[in-house]
Amino acid sequence: MQYSGILYNDMSAAPGISVTFFVQGCPIRCPNCHNPESWDFNGGKEYTDEIKIKVLDCANKDYIKGLSILGGEPLCPENRKLVKEIVDRLKAEIPELQVYIWTGYKYDDLLSEHDVLLLELLKAVNTLIEGKFDMSQKDTTLNMRGSKNQNILRFDNLQ
């Protein structure tokens, strides 16, 4: 499995300090994407056992409050297995860890797929930022989003 990058002490993606994981590969390819180098499924770096341990060790620090997963596209079929593995492993060790995922897909469309792996993954998500980036609706003042058409869905009450 490939990944695009990792920020171990990120203060820009989500509230507090998080480990931010960028998946590699995106079929959506929004025009003016902030991370087009992550589009190629064959690019990036190999997700090794050493990286798995490093991510877990970093997330286990007292000051880390969240896991932010961006892309590429975290919820495309090609990346779901890796994302679920990361989320499951971290939530098993750190149940209070907040999970944030940014996706170009709409939540209702994801639910309509009836993909068991995807549905299990979504149950572990605390906050989902949904919708494709739209340059015509770009707004740099928005919290956790790049364009007005994107939505923040919080699932904390469902956990």
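Predicted model: local features only at pLDDT ≥ 70, side-chain atom pairs only at ≥ 80, totals over all residues.
Local features are kept only at pLDDT of at least 70 and side-chain atom pairs only at pLDDT 80 or more, while totals for chains, interfaces and linings use all residues. Residue numbers start from 1 along each chain as its sequence is written, and side-chain values rest on heavy atoms, with hydrogens and water left out.

The sheet comes first. Seven strands make an open sheet with mixed pairing, in the order β3-β1-β2-β4-β5-β6-β7. The edges belong to β3 (45-46) and β7 (151-154); each has a single partner strand, so one side of each is left without a neighbour in the sheet. Strands and helices here are DSSP runs numbered from the N terminus (E, at least two residues, for strands; H or I, at least four, for helices), and two strands count as paired if DSSP finds at least two bridges between them. Further in, β4 and β5 run parallel to each other, with 4 bridges, and Ser68 has Tyr100 in β5 as its bridge partner. At the other end of the order, β6 (residues 127-130) pairs with β7 in the antiparallel sense, again over 4 bridges; there, Leu128 sits opposite Leu153 of β7. As for burial (under 20% relative accessible area is buried, over 50% exposed, in between partly exposed; 1.4 Å probe, protein chains only), β5 is mostly covered, with 5 of its 6 residues buried.

Next, the helices. Helix α1 (residues 49-59) lies across β1 (2-10), β2 (17-23), β3 and β4 (64-70), and runs at about 25° to β1. Helix α2 (residues 77-93) also packs on the sheet, where it touches β1, β2, β4 and β5 (98-103), its direction making about 175° with that of β4. These angles run from 0 to 180 degrees between N-to-C directions, with axes as lines fitted to C-alpha atoms, for helices over the stretch in contact; contact itself means heavy atoms within 4.5 Å. Leu90 is a residue of α2, and it counts as buried because its relative accessibility is 3%. Leaving aside residues up to four places away in sequence, Leu90 touches Val55, Leu56, Ala59, Leu67 and Leu97.

A pocket is an open set of points on a 1 Å grid over the protein atoms alone, where a 1.4 Å probe fits, with protein on both sides within 12 Å along at least five of seven lines; lining residues have an atom within 4 Å of a point. Of the 28 lining residues, His34, Leu70, Trp102, Phe133 and Gln150 come closest to the centre. The elements giving two or more residues to the lining are β1 and β5.

Finally, the backbone. Gly71 and Gly72 are joined by a cis peptide bond, with omega about 15°; Gly72 belongs to the loop between β4 and α2. Two non-glycine residues have positive phi: His114, near 55°, and Met144, at about 65°. His114 is in the loop between α3 (107-112) and α4 (116-123) and is exposed, at 63% relative accessible area. Met144, in the loop between β6 and β7, counts as buried at 11%.
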